[in-house]
Protein chains: 2
Amino acid sequence: MLVTETSLRKFTTGIFLAMGCSTEHAELATNVLLLADLRGIDSHGVARLTGYVRLWEKQRINARPNIQIVHQTPTTATVDGDAGLGLVVAPFAMELAIEKARQYGSGWVAIRNSNHFGIAGYHALMAVEQDMIGYALTNASPLVVPTFSNERMLGTNPICYGFPAGKYPPVIIDMATSAAANGKLEIAQRSGKTVPEGWIQAKDGGYTTDPFALKSGGGLLPLGSDREHGSHKGFGLAAAVDILSGVLSGANYGPWVPPFVAFLEPPTDPVGAGIGHFVGAMRIDGFRPAGEFKDHMDNWISRFKSASRVNEEQGVIIPGEPEFEAEADRRANGIPLVDAVVDDLNEVARKLKVSPLAP
Amino acid sequence: MLVTETSLRKFTTGIFLAMGCSTEHAELATNVLLLADLRGIDSHGVARLTGYVRLWEKQRINARPNIQIVHQTPTTATVDGDAGLGLVVAPFAMELAIEKARQYGSGWVAIRNSNHFGIAGYHALMAVEQDMIGYALTNASPLVVPTFSNERMLGTNPICYGFPAGKYPPVIIDMATSAAANGKLEIAQRSGKTVPEGWIQAKDGGYTTDPFALKSGGGLLPLGSDREHGSHKGFGLAAAVDILSGVLSGANYGPWVPPFVAFLEPPTDPVGAGIGHFVGAMRIDGFRPAGEFKDHMDNWISRFKSASRVNEEQGVIIPGEPEFEAEADRRANGIPLVDAVVDDLNEVARKLKVSPLAP
């Protein structure tokens, strides 16, 4: 089904309103989800909406959060999300980081007591639009095994860096710190295919290419896949994200991070509140004039785009460029949704007495 | 040869003094190099000393730099290293970041016109010792190919995050963003062995396990090794390091970064000055009380150390712990140096009229 941006926006806002979100929050949460769909990151867009609803039904998401700054200095702060949607908590925190950067050059906010915050790129882009460097991280429910372990201790813990450019789209490096994202496994599960070695590990820590191994106690491997290829680096990155998001903010961390899915209960011995994020903003002109920086970014981008190719048909991909192109295309031509997602959304809409999704 | 810390320190300071460094700079540069040797990161310690001397002989390193802050806000700055040793320029910048963090919560400094800065971990540890989170990055001469390219466009561009803990040693995540470090290739070259697939790429972009492929136009692969295993993420990380270190500071970036070896000339069309670094510090108590954070870090560390093991004999390695143990051992029992390094050092010592290395 091909849906216009306007139609999908109206539908999504309707669901959030039906959950009891304020108009402001419903529109903001919709913005975050829609940007994922527009940018072609389908796993993090409206496909997740029904998951949020189910967590809200279980009272694990608070639709009317009292988001508060609980601690701060001129350029740092900790925000308590009051169990709200990460989709509204993280933008609140990034606004604060941007305001601090405006005044003092940089701003850094750790967030606790939150939930899934959508694509990290949304939050980094908020800073990029202000001629700042944006930084956004989040921890997530444990699916990834550390090097040498067969216990799921870390989430896919994404890191995002956003840099403004001049004539080119901003460079948005938004990446899970695991070798493969969970969404890719789900695709393999649905199609009945095996996955490449180095993506997952069997329950006993052994070799597997079976995408269902994750559901039977296996784990995702860190970026690098095995020790010889640097999985300790992927583990290190995921650890840094976990510490900044969880330990620094007072959220849960490691295996204590509550699951995103409503059918799994959170641990009964939490070490903090909810899941954690970390966002930051630095003014470009805190380092050099923004125009100068952007000219050099353009030069950086065009030099990398012209790097010699292994195969003539495929050049170097500048991080963020495919998403920028998808966004232009989907804003103009609509957003494709798979049937399973549409059915799921309409079922939730029926329950919440919201009009079904129109094309 | 096993050398005491005191003896190696005296020798190294002597070389830097003979280059014309001030006493303060000679001692600081020695501190940075020695910490690498003490922590077992032999590739970044005194083994590099003769390389610095050769660059100085070619007037590409300035032994008497006038290191200056060229731009700043309360929490950001750009430092020009005046072509000095990165070993003294980066600590100057980190001192500034720490001072800004003391006043405003965080401090971030981009550095241009510098040279190789030793181990990133040294600089991050400076912040950690002040109950701050430390962050240190550097770009480096191009050896790494982006995904889909066979052109060496990026350095091994390390990232370091340092976090203080309580009863445990600090967590120091100090990692190259390539699948394997160049030092590991050199070991394979010396021993005549092949290297694992996924470390390097042949000149034409094809498969190779020949460690000499790098010397005949091949390239190191980014962390992730190939597209299917996330090499675009390793490329993205290396790109973020390059932009923060080079584009933001006004240093060279990408293929323009000057080589570390004196026998290769720097590009004749520089886009900036020297190589670039980026360092930062954030006060822990800008987010939550430091004692609370450290208690949770201890909990984080002990939980990860007790994660279930794939093989009983090898548990999860906490980043920074092996280096901490090496440091205790080598401070007490001396630093082992291979003969080739000792010979090299003594040859340079003879030239500079410095007493040879004593045990």
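How many of the nine residues of strand E4 (residues 106–114) of chain B are buried? Eight of them are, so that the strand is mostly covered, where buried means under 20% relative accessible area, exposed over 50% and partly exposed in between, with a 1.4 Å probe and protein chains only.

Before going on, note that this is a predicted model, in which local features need pLDDT of at least 70 and side-chain atom pairs count only at pLDDT 80 or more, while totals for chains, interfaces and linings use all residues. Residues are numbered from 1 along each chain as its sequence is written, chains are lettered from A and ligands numbered from 1 in the order in which they are written, and side-chain values use heavy atoms, with hydrogens and water left out.

Next, select strand E10 (residues 275–283) of chain B, which pairs with E4(B) in the antiparallel sense over seven bridges, and where Phe278(B) stands opposite Ala110(B).

Now show the whole sheet, an open one of seven strands in chain B with mixed pairing and the order E2-E3-E4-E10-E5-E6-E7. Strand E2 (68–72) and strand E7 (171–175) of chain B stand at the edges with a single partner strand each, so one side of each is left without a neighbour in the sheet.

Finally, move to chain A and select helix H2 (residues 23–38) together with helix H9 (residues 321–333), whose axes lie 8 Å apart at an angle of about 105°; axes are lines fitted to C-alpha atoms, for helices over the stretch in contact, and angles run from 0 to 180 degrees between N-to-C directions. H2(A) and H9(A) are therefore roughly perpendicular to each other, a term for angles of 65 to 115 degrees, with under 35 counting as roughly parallel, over 145 as roughly antiparallel and the rest as oblique. On the H2(A) side, Leu35(A), Asp37(A) and Leu38(A) meet Ala326(A), Glu327(A), Arg330(A) and Arg331(A) of H9(A), contact meaning heavy atoms within 4.5 Å.

Key: Helices (H or I, at least four residues) and strands (E, at least two) are DSSP runs, numbered from the N terminus. Two strands pair if DSSP finds at least two bridges between them.
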